[in-house]
Amino acid sequence: MASYLEQNQQRFLTELIDWLRIPSVSADPKFHGDVLQAAEYLKARFLEVGLENVELCPTAGNPIVYGEKIIDPALPTVLVYGHYDVQPADPYELWDSPPFEPVIKDEKIYARGACDDKGQVYMHVKALEVMNQEGGLPCNIKVMIEGEEEIGSNNLGIFVRANKEKLKADVILISDTGMLANDEPSIEVGLRGLSYHEVEVTGPNRDLHSGLYGGAVANPINVLCKMIASLHDENNHITIPEFYNNVAVLTDAERAELNRVPHSDDEFKKSIGLPDTYGEKGYTTVERIGIRPTLDVNGIWGGYTGEGAKTVIASKAYAKISMRLVPNQTSDEITALFQKHFESIAPSGVTVKVKPHHGGEPVVTPTNSVAYKAAADAMETTFGKRPIPTRGGGSIPIVAMFKSELGLDTVLLGFGLDSDAIHSPNEHYGVFNFLKGIETIPHFYRNYAAAVKG
């Protein structure tokens with residue numbers, strides 16, 4: 001007899017696709033109504049799967065969707081976190097199909113938010129439904145899904161600090177990460193932190209004719225490019241003074257263990273269409289992504305960028321710059337160092353303004369906890385293979401916040417793949433991954449409840 005999941009998988013996919021149609025882009029105010037619609041959609045699904053005390057919790061920004069099912073206060077409680085907002089879909093012209101008109105092709109769901117994070121959030125919703133239909137919940141569950149993760153979760157910390165009793169739990173469960181491959185399960189146990197800035201370089205008081213003024217005034221775009229280029233040396237080492245002072249240095253044995261993760265530089269290069277890898281000298285690709293800090297330009301603009309020619313020296317130039325941080329670095333420390341250094345290297349012909357945006361702290365989660373073992377056992381049950389602990393290059397700043405504010409460790413039980421093109425055109429999520437997540441998550445709850453009960 002087919003399982004409840006097998007009987008209902010097409011409906012689960014249809015519901016997810018309906019949710020993906022809602023363009024819940026938190027970064028762009030024109031989508032604010034859609035963000036609220038996405039929250040209402042999720043609230044309705046919470047009620048359908050039997051969660052109680054379901055509400056849209058107001059914040060100074062987008063609401064947090066909350067629900068819970070407390071079956072016995074004596075049992076352990078798992079707090080599930082995720083986000084329903086998505087990245088902007090621009091540039092639209094690079095999508096093979098419209099980003100908010102989801103399609104399934106080659107057994108993948110193509111849409112903005114398919115993997116990050118609507119598809120992974122919806123696994124948890126449907127896993128609750130499956131458990132309710134197949135014997136009930138083995139422990140208490142609280143679910144908190146926010147709508148501002150893609151813009152820095154500015155109001156989440158305020159909400160958490162004001163609702164510590166409501167959010168009281170024993171462990172956090174998050175599926176906003178990935179695994180190595182569909183035949184190589186893994187669980188991320190480390191995340192990098194983040195320090196994000198926007199910089200503005202100002203030259204003349206207006207755009208100037210490049211013939212009448214060229215050569216006699218500092219060109220803000222040229223200056224900005226030189227300043228950015230100076231932030232790395234010939235070994236791709238970041239040149240900001242004191243930047244590496246607190247970077248945690250792994251032992252040779254720890255580095256060797258990290259590099260046991262199955263990885264092929266050839267496959268890595270092929271997957272993103274590059275002739276070679278690139279990065280800090282002396283480190284492998286796995287190490288560059290997992291244990292080393294980085295500095296990258298995320299956007300740069302200024303002057304005339306329309307069709308044809310307009311020979312001007314722009315009055316202003318801008319860039320968005322982010323740094324990924326590793327254990328023992330803090331976002332406040334790096335933000336201050338970057339701002340001081342970037343302002344100090346500006347030539348006298350321009351003025352520079354640095355505007356810090358959001359930040360987050362790096363984190364390493366324990367692999368010897370009851371919750372981690374419950375997740376690893378769950379994956380081994382459904383994949384037939386023990387998952388490998390890995391360190392991810394991305395950032396989920398709220399993991400460190402949950403630890404500091406709620407005193408809780410997090411299990412990062414993600415099912416995405418590096419090839420899912422999150423934050424990029426043609427983002428997608430495998431049907432296999434979506435369904436495998438729904439299959440695996442109930443095993444985590446059962447394993448965790450049994451282990452805690454003893």
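In the protein, 78% of the contacts with a separation of 6 or more are accounted for by residues 24 or more positions apart, a contact being heavy atoms within 4.5 Å. This is a predicted model, in which local features need pLDDT of at least 70 and side-chain atom pairs count only at pLDDT 80 or more, while totals for chains, interfaces and linings use all residues. Residues are numbered from 1 along each chain as its sequence is written, and side-chain values use heavy atoms, with hydrogens and water left out.

The protein has twelve helices and 18 strands, taken as DSSP runs numbered from the N terminus (helices H or I, at least four residues; strands E, at least two). Of the 454 residues, 52% are buried, that is, under 20% relative accessible area with a 1.4 Å probe, protein chains only. Along the principal axes, the C-alpha atoms fill a box of roughly 80 × 50 × 45 Å.

Two packed helices are described by the angle between their axes and the distance between the axes. The axes of H1 and H12 come within 11 Å and cross at roughly 120 degrees; axes are lines fitted to C-alpha atoms over the stretch in contact, and angles run from 0 to 180 degrees between N-to-C directions. The residues on each side are listed below.

| Helix | Range | Contact residues |
|---|---|---|
| H1 | residues 4-20 | Leu 5, Gln 9, Phe 12, Leu 13, Leu 16 |
| H12 | residues 431-453 | Val 431, Phe 434, Leu 435, Ile 438, Glu 439 |

Methods:
Buried < 20%, exposed > 50% of the residue type's maximum accessible area, 1.4 Å probe, protein only.
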